[in-house]
Amino acid sequence: MEALHVYDTTLRDGAQQEGLNLSVSDKLAIAGLLDELRVDFIEGGWPGANPKDTEFFERAKHELTLEHATLAAFGSTRRAGSSAAEDQLVQALLEAGTSVVCLVAKSHVRHVEEALRTTLEENLEMIRDTVSHLVAQGRRVFLDAEHFFDGWHLDRDYALRVVRTAHEAGAEVVVLCDTNGGMLPHQVEQVVTDVIASTGARVGAHCHNDTGCAAANSVAAVRAGATHVQGTVNGYGERTGNADLLTVAANLQFKLGLDALEPDAFRQAMPIAHAISEVTNVPAYSRQPYVGASAFAHKAGLHASALKVDPDLYQHMDPSLVGNGMRTLVSDMAGRASIELKAREAGLDVASRPEVVASVLAEVKALELQGWTFDAADASVELMLRRTLEPGCTDYFEVESWRVITEASGSGEAISEATVKLHADGRRTVATGEGNGPVNALDHALRQAIAVAYPEIEKLELIDFKVRILDASHGSDAVTRVLIETSDGETSWNTIGVAANIIEASWRALVDGLVHGLIRQGVPIR
Ligand SMILES: [Zn+2]
């Protein structure tokens, strides 16, 4: 059996996602991360059709050094009624200078006649001519057969002729695409089995997630004999997205025992998936299989006590194999065992201090009654543990006061300005900051004030901010809960603040986020 191809199309098909915009520099950064993940192929884009992609391939020649992955250029078969040798877009594919070209072609009779507006015979000729021209120019050619599964159901003979034509013209892999994403695993299995038996071509799969089955369909294709899978990191893509490449690769590797990615690279999967979401600026999905922050998180107190004995009882695999870790959610359901585990995750020794565990647990339970939630705010729990273990150990600075005003001119654009006064390292600092909103302004002012004594703060960045208004209960007023995610460029952590006033709640979460960042860097109190 041929070695399995793991083919990433984040930079081309993934970039079709609504709201996702990648600059050329972003694309180069993502390509570097994909190479660290040791995927086999990175599809960079469509040179000639899109100026940004043309520039990407130009810059990649000088700026991108790939250690493992092979860069692929994507394009379509030549226009009807011309020749591949004279087609400008085919020429642009050659100029991109990649050793691999992935060509998209029609394989569905109605798409040929109604969308491409040409004859079925001419479409086959376009495939034959373009594949053989590129092969003659020394390229490895993969052919993406668009709308293949729907086309096979409508006219199986024609769909198979497309595969045979590409295969005989020299295409190394014919990739069957579920372009509309409407298939289910048993259908994929049936079609892939038929194509391999009828044509002898090497087959790949490109699945979209419209039925929620993109990963399952990719696995079904491999079980039926496909040896090439396409997908995107974090499942980016238009509509409901493409097959999530890491979910697919992990299923193939850990559940079917195939070699998808190198084990050492797989151990970086979670940080790399998160680093890519930093570049795309699409927040990471916490419930993502394998690499989501919640993928190995446990909530119930009952589970937590058993987890302490044997983690394997409650998880389907060792999370470290994909760079993730077991995490225990601290909530009012959790007992002492959750707090002890949380302490262990933070490297704190509470074994000999049962009173600390009891005190933090009581504090967590009391705060949760007021609307706090620690499920998503590990860093706040860790700070609570540290303060209880060693009072004063988180007192990097003492806040004298803070205030924020928001001002709008008649035309309406509002600007916020914050002032923070604090004492640190024996000095009093007054700092002001501006922002497009009050929290943004406070963040700037607070950071500047802290930086006087702790320049290490510069590394930290507020990356996400979530507000939730909690319903009034027990006759009290509604309260606001703010969750803040702070990053040091490599990892991130979440802190929480709750108050009747949204800005006060934000302030508490901000302060905890920055203090936690200083602790993580091992900065001493000055
Ligand atoms: Zn696609």
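Reply: The barrel is closed by eight strands in the order 1-2-3-4-5-6-7-8, with parallel pairing. Strands here are DSSP runs of E of at least two residues, helices are runs of H or I of at least four, and both are numbered from the N terminus; two strands pair if DSSP finds at least two bridges between them. From one strand to the next, the twist averages 25°, where axes are lines fitted to C-alpha atoms, for helices over the stretch in contact, and angles run from 0 to 180 degrees between N-to-C directions.

This is a predicted model, in which local features need pLDDT of at least 70 and side-chain atom pairs count only at pLDDT 80 or more, while totals for chains, interfaces and linings use all residues. Residues are numbered from 1 along each chain as its sequence is written, and side-chain values use heavy atoms, leaving out hydrogens and water.

Strand 4 (residues 100–106) and strand 5 (residues 140–146) run parallel and are joined by seven bridges. K106 has E146 in strand 5 as its bridge partner. Helix 3 (residues 88–95) packs on the sheet, touching strand 3 (70–76) and strand 4 (contact: heavy atoms within 4.5 Å); the direction of helix 3 makes about 175° with that of strand 3. Helix 10 (residues 245–255) also packs on the sheet, where it touches strand 1 (5–8) and strand 8 (228–231), at about 150° to the direction of strand 8.

As for the residue elsewhere, A431 lies in strand 13 (residues 427–435). A431 counts as buried because its relative accessibility is 5%, buried being under 20% relative accessible area, exposed over 50% and partly exposed in between (1.4 Å probe, protein chains only). Beyond neighbours within four places in sequence, A431 contacts A418, T419, V420, A445, Q448 and A449.
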